[in-house]
Amino acid sequence: HLVAEPPPSRKGQRALKHSLPRDLRSVMARDLPSNIQLGAGTLLIRGGDAMDIVRSLHLIAQAFQNDLDTMQSLLDPPVPQPHVDDEEIRSMFERLRADEAAHAETIP
């Protein structure tokens, strides 16, 4: 759980003002530039300076807004597949066949 303290006074400091150009407001996951890499549980941003990274963060936020399902599928770790022993599957099908045969005998 993240707990943040109030930000320090900003008197005399410049404010961060950034807006996406109109043509980037419809950005989708497939449109993100190569300096942004998405992987299972990983987000990597490379930038020349802090403002370059801020612009990339803004693009990522917009891509989440426009293309949430794709962004989640790229960032969510894959669902682990359960390991099932072949013998276990064979045994299950044998029991199923036996149950079906027993059930078929009871039907008039």
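**Exercise 1.** Find what the side chain of Asn-35 reaches on Arg-46.

*Solution.* Start with the polar atoms: one on the Asn-35 side chain sits 2.8 Å from the backbone oxygen of Arg-46. Next, place Asn-35 in the chain: it's in the segment before strand 1 (36–39), strands being DSSP runs of E, at least two residues, numbered from the N terminus. Finally, skip neighbours within four places in sequence, and the contacts of Asn-35 are Leu-44, Ile-45, Arg-46 and Ser-56 (contact means heavy atoms within 4.5 Å).

A note on ground rules: this is a predicted model, where local features need pLDDT of at least 70, side-chain atom pairs count only at pLDDT 80 or more, and totals for chains, interfaces and linings use all residues. Numbering runs from 1 along each chain as its sequence is written, and side-chain values use heavy atoms, with hydrogens and water left out.

**Exercise 2.** Is His-18 buried, partly exposed or exposed?

*Solution.* Take the cut-offs first: buried is under 20% relative accessible area, exposed is over 50%, and partly exposed is in between (1.4 Å probe, protein chains only). His-18 has 28%, so it's partly exposed. Now look around: beyond neighbours within four places in sequence, His-18 touches Arg-55 and His-58. Its C-alpha is also 8.4 Å from that of Val-54, 36 residues away along the chain.

**Exercise 3.** Classify Met-92 by its accessibility.

*Solution.* Locate Met-92 in helix 3 (residues 86–106); helices are DSSP runs of H or I, at least four residues. Its relative accessibility is 42%, so Met-92 counts as partly exposed.

Definitions and conventions:
A polar contact is a pair of N or O atoms within 3.5 Å; within protein, one must be able to donate a hydrogen and the other to accept it, and residues adjacent in sequence count only if both atoms are side-chain atoms.
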